[in-house]
Amino acid sequence: MRPSPVAVQRIVVVSIWALALMTVGVLLFIILFILVHGLPQVSWEFLTTFPESMGRKGGIFPVIVGTIMVAGLAVTVAAPVGVATAVYLTEYTTEGRLTAVIRFGADCLAGIPSIIFGLFGFVFFAITLGMKLSVISGALTLALMVLPTIIRTSEEAIRAVPYAYREVSYGLGSTRSQMIIKVVLPSALPGICTGVVLSLGRSISETAAVILTAGSALRLPHSLFDSSRTLALHFYILSREGISVSNAYATASVLIITILALNLFAYWLMRRFMARVG
Amino acid sequence: MYGVIPKISSEGTRRAEALRARVGVIPKILVGRRRLSSKALRALVLAATMALIMPCIGCKDDGGRVVSVVGSTSIQPFAEFLAEQYGRKDPGLQVEVQGGGSTVGLQAVANGLAEVGMCSRALNAEEVEQFTPITIARDGLAIVVNPANQVSRLTTGHLRGLFSGTIKNWKDVGGLDGPVRPITREEGSGTRESFVHLVMDKERISRAALTQESNGAVKELVKGDPAAIGYMSLGLVGEELKALQIDDVEPTSENVLAGTYKLARPFLFVTKGPVSPEAQRFIDYVLSSEGQRILESEGLVRAQ
Amino acid sequence: MKQDKFVSTVLMLIALSAISGLALITVFIFMEGLPMILRTGAREFFLSSDWDPRAGHFGIFSMIIGSVAVTTGAMTIGSVFGLALAIAFTQFCHPRLAALLKPVIELLAGIPSVVYGFMGVVTLVPLIRTYLGGAGLSVLAASIVLGIMVLPTVTSISVDALRAVPRPYWEGSIALGATRWQTTHMVMLKAARSGIATAVILGMGRAVGETMAVIMVAGNALEAPHSILDPVRTLTSNIALEMGYASGEHRRALFATGVTLFVIIMLLNTVALRVSRRAAGRKG
């Protein structure tokens, strides 16, 4: 006797919800595990003092500064360049073979493993261009890594701006550049910012691309040509080498909270974007 | 920040007024944008400025140079400790130490990425021509197993078999019944090179061996796996692992000094060409009696 | 008008430098890697398992198997659970609960890979070692960790695909008396199948490219795995482990591995594009 569709549905719904809850459960477990073990160690002191004994004791101040410098510089370089490129591709060129190829190339590069960017950055920036292991080597490598993503998300955001806005602007007598700067970009800005903020999050969590470009020196970088360590790399080293379990958890907590905050911010921006343009 | 409606021509302004009267929506859109855009833009500018100003906040006044020391993960913790001690005596000079493995150190010196390379094996003929090695200490190569492992002593022959994969079960060497899991280092590791040279002779390390990229990682792995066997720097073994007697000799620094524990290798600082005065100061410190005393107390053997 | 010309020239220059910067990477990698593959011979490079840089042998076959094994495992776990989550969200969930949970999943997508790797080493590897045998560092561990990592990607794109199915499809099916599950598997999943396929393909791309988490839990043995409990080395781990000290031909071999990965990603993206284009064509 075939089971009734309602019975089948009941079984299916239960199983699917079981799977779904297992999934959400695992993800939450990971975050809570780290935070429970690490948050007790995270204090203002931890964030502002220097490490001692290569990270066994002390705080992570130079690592935080190093992370801000490397990731901040990467996004500061990549964002204007990416947005300008997106603007050029959408507003100044016509849809054709060339733009399709560029778009495909950007999509591919957005998916290339970060270790390959690391290898390129190591050989090209650190060695060939002589920048050595430094903040700027790391930042330029990361900038190249997030550039395709910024170009694509900015492009999508700019395209989502209704054509009517452009028509109205032209109707008011503006030139193309005025229209772009004063109408299109401001409307697309939340979407663009979402892409930028997500790229910032990606830069901060990067390890493979910075380990041989920005290096792993545990000190405060005094210039762009000094080597420094990022939060994700510091966590990797602390945990892998068994240097300090408690500091590892604490560093991971700082890292996770920063990224969650960034993602929340990006999500909030996206909501505003949808509300305006949708 | 931005003008609401571009004042290009009076014609445009008139049209805008007409549109505003009719639709009422355009100024609101543009005004709304302006509020968001200037705020967002200010935030971005602030973040960018902070990213570039940050270094100056923690800036201590040291116009001093930095000496970059890169290489062996065996030497790394000792070099870091020495750098810290040296930093207390001579705050003007910062020594930064990074790991990666002995060959990474040599490559870094060759490419100009670092001034001093750390190498935990003897240089081969080609390398001797390129680089200048300075022996700073001698270290034993410890064969480590998990404390729960029953085995306490092995011969070099046993080691060859265990690491090449010919001996697959612990009971064949006096332990309990169970599979053997050899752990090796990556190819560029000085520790691996020394191990291959001193133990493996012509045989190759099993391709099924787990590979880890530093002494610390090997230690963590052996700590957790009762069936594991690995090799690492004697000075880094610590209390949590069991170092085996090899050919009936205890793995201690005294035996390394005496030459009875055969598995030993030099710790080298490697430079290329002329050395900067700052780097020379650090090297001299490491070779001084104080530096050597520190290394001895940490478990190494003097350079002599 | 002059201002307009100025702006457009500036934008063009920036766009050209950005594009040429990205093209530079591609060209550089291919220029370093491709000649090496041709010199060694494609068969020798791709089909030989003998990776022995000191002897000058560069065969990446065991690592290709490693990457394939780990990716397949990861996608099995990632797609099953990811799709289940997406179906639960869109089909069997109160809309407000769904609206609450979707950002949660997307937030979780931002956890760094080293954290996943660490959790794998601390919780998963000992479990596998104690209850299933082997070293714990294995294909299974890497698959599970990677599967969890790509899950949010698969879920998020599948949710978008399912939401994009026109409402009349759902309404029509319900109106005909189907239960929600019957509607789901007979109508919704079929309609959204290209979007779901895209989700899986993009997830696969992410799994292939992951490095740090894999190094931490996969064991990095040179030999190709014979079972899911055997340790494994993937193409990306190999690059990460050796790039610091590789020089000369060895370094070029790593670039050649990079070329291989590049081509794999390009193929995956092409397939994804074609799949989504076919869907758009059919619907539009």
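In β11(B), B:F269 is the bridge partner of B:M118. The strand labels are DSSP runs numbered from the N terminus, with at least two residues in E for a strand and at least four in H or I for a helix. This is a predicted model, where local features need pLDDT of at least 70, side-chain atom pairs count only at pLDDT 80 or more, and totals for chains, interfaces and linings use all residues. Residues are numbered from 1 along each chain as its sequence is written, with chains lettered from A and ligands numbered from 1 in the order in which they are written.

β3(B), residues 116-119, pairs with β11(B), residues 264-271, over three antiparallel bridges; pairing takes at least two DSSP bridges. β3(B) also runs parallel to β1(B), residues 66-71, joined by three bridges, and there B:V70 stands opposite B:G117.

Which way do the residues of β3(B) point? B:V116 and B:M118 go one way, B:G117 and B:C119 the other, and all are buried, with 20 or more other C-beta atoms within 10 Å of their own, C-beta atoms being placed from the backbone. In a regular strand, side chains alternate between the two faces of the sheet.

Now to chain C. α5(C) has 19 residues and reaches 25 Å from first C-alpha to last, close to the 27 Å expected at 1.5 Å a residue, counting one less than its number of residues. A kink of about 40 degrees is centred on C:V121, the bend being the angle between axes fitted to the seven residues ending there and the seven starting there. Just after α5(C), C:G133 has a positive phi of about 90 degrees.

Key: Buried ≥ 20, exposed ≤ 12 C-beta atoms within 10 Å, placed from the backbone.
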